[in-house]
Amino acid sequence: MTEWTILGAGALGCVIAGQLHQKGERVGFMLSERHRGHFHPNLDLITLSGRHQLIQSQPRFPEHARNVECLLVFTKAYHVLDALKELQHLPKTTPVILFNNGMGITEQVKALLPDNPLLAGVCSHGAMKEQDWLVRHTGKGETWLGPLNEAGKAWSHLVKPLACALEHCEWSDDIALHQRRKLAINAVMNPLTAHHNVTNGQLLEPRFNDVLEQLNDEVYQVISRLDGSEAETKDAFRRRLHKVIELTATNHSSMQQDLIHGRATEIDYITGFILEHANDIPVPVSQQLYDEIKRREA
Ligand code: PAF
């Protein structure tokens, strides 16, 4: 049985670790230097039914990279490259699955790990970090897995244990389509919640009607042009967006959390992607939110 090593102990990484652990899978956390020397705490996961599930896992540090059998990367988009560079002893045969929000780092990861099987994972489970090592699973979602390079194509069997643990996991040969679908939701919810410092659910208040509709429109146009014949209808996108807002109503988005805690945000990989691909499509609201978040980040 493969051991799953989770890089990036954020909310979603911990929830996935917990779900895998619950199904008897072996799970380890690859920790950063700041965790070294700490007594490694157990992960406390509050499940959807409100039960506390304690997860004991072996802490791993970069020098243990040579034993990593399968790496699931949940770090923030802007940390992925540096975090991977630390794993110098990672075997060239180890599959690496990128679960980060946003898009735009695939080519750099391919250049860094030219031999490893590379895959992307797109996961819409709801997760919230309540404290360090205390994480709440807030909603069920879908998970898609697909290859980012030739070697990644041989790893579709990973879907089976993930589907068993997460209730849904499917393989897609066009994983970029799923990445863009998730990015589209993030490009509406994340900058708006961060800029106005509101919960996801507050976006449904009447004061946001107009801006939500405008942003929805901008993002839909850019993404549907990239999706081509695979594009969903605008109504389908709106319904999907509202469903995510409702399912995560009490959550604070990752960008709102990053901004309020003075951390870097993933704006370059989310709204930045929309701006980069807009070409002749006018995207004034996205541009304004991008400028404002960048200003506050600085
Ligand atoms: O980035 C996030 O926080 C989440 O992807 C989303 C969908 C906005 C829900 O909180």
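D258 counts as buried, because its relative accessibility is 1% and the cut-off for a buried residue is under 20% relative accessible area. The structure described here is a predicted model. D258 belongs to helix α8, which spans residues 254–260. When its neighbours within four places in sequence are set aside, D258 is in contact with K76, Y78, R263, A264 and T265.

## The ligand and its surroundings

Which residues are found around the ligand? They are N101, N186, M189, N190, N200, V244, S253 and S254. By class, this shell consists of 2 nonpolar residues and 6 polar residues, with no charged residue. Helix α5, made up of residues 175–196, gives the most to the shell, namely 3 residues.

| Residue | Side-chain atom | Distance to an oxygen atom of the ligand |
|---|---|---|
| N190 | polar atom | 3.1 Å |
| N200 | N or O atom | 2.9 Å |
| S254 | N or O atom | 2.6 Å |

On its own, the ligand has 280 Å² of accessible area, and the protein covers 83% of it.

## Aromatic pairs

The structure holds 3 aromatic pairs. One of them joins F74 and F99: the ring centres lie 4.5 Å apart, the planes are at 10 degrees, and the pair is stacked. Where in the chain do F74 and F99 lie? F74 is in the loop between β6 (70–73) and α2 (80–85), while F99 is in the loop between β7 (96–98) and α3 (106–112). The pair therefore ties together parts that are 25 residues apart in sequence. Both of these residues, F74 and F99, are buried.

Another pair is formed by Y220 and F237, whose ring centres are 6.1 Å apart. This pair counts as stacked because the planes of Y220 and F237 meet at 25 degrees, and the cut-off for stacking is under 30 degrees. Y220 lies in helix α6 (residues 209–227) and F237 in helix α7 (residues 234–247), so the pair ties together parts that are 17 residues apart in sequence. Y220 and F237 are each buried.

## Residues in loops

T199 is located in the loop between α5 and α6. Is T199 buried or exposed? T199 is buried, because its relative accessible area is 17% and buried means under 20%. Apart from neighbours within four places in sequence, the residues in contact with T199 are T193, A249, T250, N251 and H252.

W133 is not a glycine, yet it has a positive phi of about 65 degrees. W133 is placed in the loop between β9 (126–131) and β10 (134–139). With a relative accessibility of 10%, W133 counts as buried.

E167, which is not a glycine either, has a positive phi of about 75 degrees. The loop that holds E167 runs between α4 (159–166) and β12 (170–171). E167 is exposed, because its relative accessible area is 60% and the cut-off for an exposed residue is over 50%.

Terms used:
Residues numbered from 1 in each chain as written. Predicted model: local features only at pLDDT ≥ 70, side-chain atom pairs only at ≥ 80, totals over all residues. Heavy atoms only, no water. Near = heavy atom within 4 Å. Polar contact = N/O pair within 3.5 Å; in protein donor to acceptor, adjacent residues only side chain to side chain. Areas by Shrake-Rupley, 256 points an atom, 1.4 Å probe, with all protein chains shown as cover. Helix = DSSP H or I, 4+ residues; strand = E, 2+ residues; numbered from the N terminus. Nonpolar A, V, L, I, M, F, W, Y, C, P; charged D, E, K, R; others polar. Buried < 20%, exposed > 50% of the residue type's maximum accessible area, 1.4 Å probe, protein only. Contact = heavy atoms within 4.5 Å. Phe/Tyr/Trp six-rings, centres within 6.5 Å; stacked < 30°, edge-to-face > 60°.
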